[in-house]
Amino acid sequence: MYVAVKGGEQAILNSHKVIAEERRGDPAVPELTLAQVKEQMQLAVDRVMTEGSLYDRDLAALAIKQAQGDLVEAIFLLRAYRTTLTRFGATLPIDTAKMAVRRRISAAYKDLPGGQVLGPSYDYTHRLLDFALAAEEGVGAPQVDMAEEPVDESIPRVTDILNHEGLIEEEVAADDEARVADLTREPMEFPAERDMRLQNLARGDEGFLLALGYSTQRGYGRNHPFAGEIRLGEVAVAFEPEELGFPIEIGEITVSECQMINQFAGSAERPPQFTRGYGLAFGHCERKTMAMALVDRALRARELDETVDYPAQDEEFVLYHSDNVEASGFVQHLKLPHYVDFQSELQLIRSLRRRHDEEQMEAAE
Amino acid sequence: MALTSTPNGTTVDKTTVLSSGARAGIDTADLKPGLADPVHESQTLFRHLLDAMARPGRAVDLETALDAPTPLDPATAAVVLTLCDYDTPLWIDWIADTPPVRSYCRFHCGSALVERPDEAAFALVSDAENMPRLGLFAQGIDQYPDRSATLVVQLPDLEGGPERVLKGPGIATQAVLRAGGLPDWFWNDWRLNAAQFPLGVDIFFTSGRRIVGLPRTVLVEG
Amino acid sequence: MTMRSENGAGVGAPAEGAGLESLPGSGSPPGGVPAEAVQAERQRWMSVLAKAQLSELEQAWDQVEERPAFQWLRPPEIGMVMVRARSGGTGGQFNLGQMTVTRCALRVDSGATGLGYVQGRSKRHAELAAIFDALLQDGGRRAVLDEEVIRPLAAAYDRRRDERSRKANSTKVNFFTLVRGEND
């Protein structure tokens, strides 16, 4: 039997007012604008777009402001908003080889065609708090040097360089007309193929994937990875509207990409070679793409005839727990009233305790 | 690349389905406009469709001013524009399967047009007398009964046909429907359809600007 | 191509508008030249219009003197597209995530259909892209509009891209090797 309990309405309305006040903070401090979030909290915006699985900087900025900077909450807001929009179709696959590169590094080759372009990165900073940023007058408009020439128009992929020697597995589409799995339209099914896994990982929680990726490096997974190539830049998005019958470019998005190269001793079917793990995300989410690439590789255990011994290789474990909207929903639902459930548990425990006590007494006699 | 999953789980390649010729795009030269205010109009229409399904057998006036391509009635076009989109493969019967109607549905709904009734999430029937038997449409599967087809069946009238008494959820005691222009086998098929609940198709009868909902839960007498 | 006042009677709409037959590369190069050439042109200008900034489009629109009346075939509508990518950059396709897109379609009084498909949620951007798309299908106006609108927009885009790239290139590493531990 369900017993409806009412009376929370006024308390909830007032709670909304309290959260609005908390979000605003001290009114003497100027209110944050969406432009400020979008321009100065870019990496937060990028994470929200990636895990919210919707590329729209303005909406992500709004979600961050609304969620008071709680990115998991902001991701939830963006996912929820997304369900109100009609889908026009799917784009042509983006071509990261034609990326307008702003950062491109390889840990596998020092001298490689196109060179090492560091771009924007915290890697080479000292990780010391910079009090210049705390100064009242701010930082103004920092100036950047400009090279005489732009970055090479088309930079070969490191994996393609290895391909020439035949020492790395090739990535080709077996059947380019094949249906592409879509988690927004169909539930997860196991065994999950790579298209479904990559979609899941792309929108999966960065913290979860980071920990799993780390676990593979510490011995909970058998791979010895190299960051073959990491890229950041802009790619064109082409779409073929039904009414046109030919594709057109409809915009440009920033993506981060990581190609992980992993040692592989070989199997009955394959000679010793390098295998790959792939990471791709909206915006500048380098750490996420690296973790994703490690986990992608670990999840290929079945395909590569490796035994599945560790969490990162277990696709049900990884794919069912990677989504922070689901995870946060299920963890946080525990806050909802469970008054009746709890009463029945209480009765159960009381009767068990009574029996226990009686048995103790009998034993003592 | 333009692939769509159909209700019965098979895969339709839009590019082959659509290519009666080349991937020619849509001829927009004589295209009729769709809803003038798509968001609000389709919300209003959707409310009417819900009402029709919630009160089976009762005619609902869609009050739409839609200028539909021949041979579609305004109500027929309105139901299709409201319910169909990129994710819902649409089957069109042979009378309505004209270039203007195809263009209209592809342009305004973005639906893939499929050749076989069982591949469709929605079916547009303009010639009810010669429509395929109900069992030929997607019936849903036990895990996903929702993966069944919804039929939009345009009729010459909703009053002039033989009287049928309907019962079931949404009907207080009984409802009377006099749909005209249905094939002889229709109500027999409908009994079979209702018997396999939760599977089975749902139907909107349309005529002029009005519709009648016939969800799979409806039982027919007489 | 001449302007016609009756809807649907404009020669431009079916021949150069939406009824284009084949994808680039899929047709035979010598045979179907005109349609393909126009298609390639249209692909180019639609891409430029989509990637332009709204302020630039407004500015360009302010300069247009003969503004056509038009009828909406599809008023501006905000939606999404699913962005696809390939595993490893070259392998099988997967769905990366979605992206907001605004689209619209209109018919100008010459009969040509203009189409706007632009990233983001600006209805005005989609509308201006569609109007320019329709006007550019008018052979009589194309050359002028291309010169005065499309080229400057493309140049502005290229300039932004070049600037970004040159900044990136200032961070390119120039390795040099220090020789040490040499035996005398």
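I count a salt bridge when a side-chain nitrogen of Lys or Arg lies within 4 Å of a carboxyl oxygen of Asp or Glu. The model is predicted, so I kept local features at pLDDT of at least 70 and side-chain atom pairs at pLDDT 80 or more, while totals for chains, interfaces and linings use all residues. Residues are numbered from 1 along each chain as its sequence is written, chains are lettered from A in the order in which they are written, and side-chain values use heavy atoms, without hydrogens and water.

**Entry 1: chain C against chain A**

I looked up A:Glu243. It forms a salt bridge with C:Arg74, with 2.3 Å between the closest N and O atoms.

On the side of chain C that touches chain A, β1(C) gives the largest share, eleven residues. I take helices (H or I, at least four residues) and strands (E, at least two) as DSSP runs, numbered from the N terminus.

Next came the totals. Contact (heavy atoms within 4.5 Å) takes in 57 residues from chain C and 78 residues from chain A. The buried area is about 6,200 Å², and carbon and sulfur atoms give 59% of it. That area is the accessible area (1.4 Å probe) lost on putting the two parts together, summed over both.

**Entry 2: strands across the chains**

I call two strands paired if DSSP finds at least two bridges between them. Strand β2 (residues 86–90) of chain A pairs with β1(C) in the parallel sense, over four bridges. A:Thr86 stands opposite C:Gly79.

**Entry 3: the sheet in chain B**

I traced an open sheet of six strands, in the order β3-β10-β9-β6-β5-β4 (chain B), with mixed pairing. Its edge strands are β3 (60–61) and β4 (90–92) of chain B, each pairing on one side only. β4(B) runs parallel to β5 (residues 122–125) of chain B, joined by three bridges. B:Leu90 has B:Phe122 as its bridge partner in β5(B).

**Entry 4: a salt bridge in chain A**

The whole structure holds 57 salt bridges over all chains. One of them joins A:Asp323 and A:Arg79 (3.0 Å, N to O). A:Asp323 lies in the loop between α10 (315–321) and α11 (324–332) of chain A and A:Arg79 in helix α5 (residues 71–82) of chain A, so the pair ties together parts 244 residues apart in sequence.
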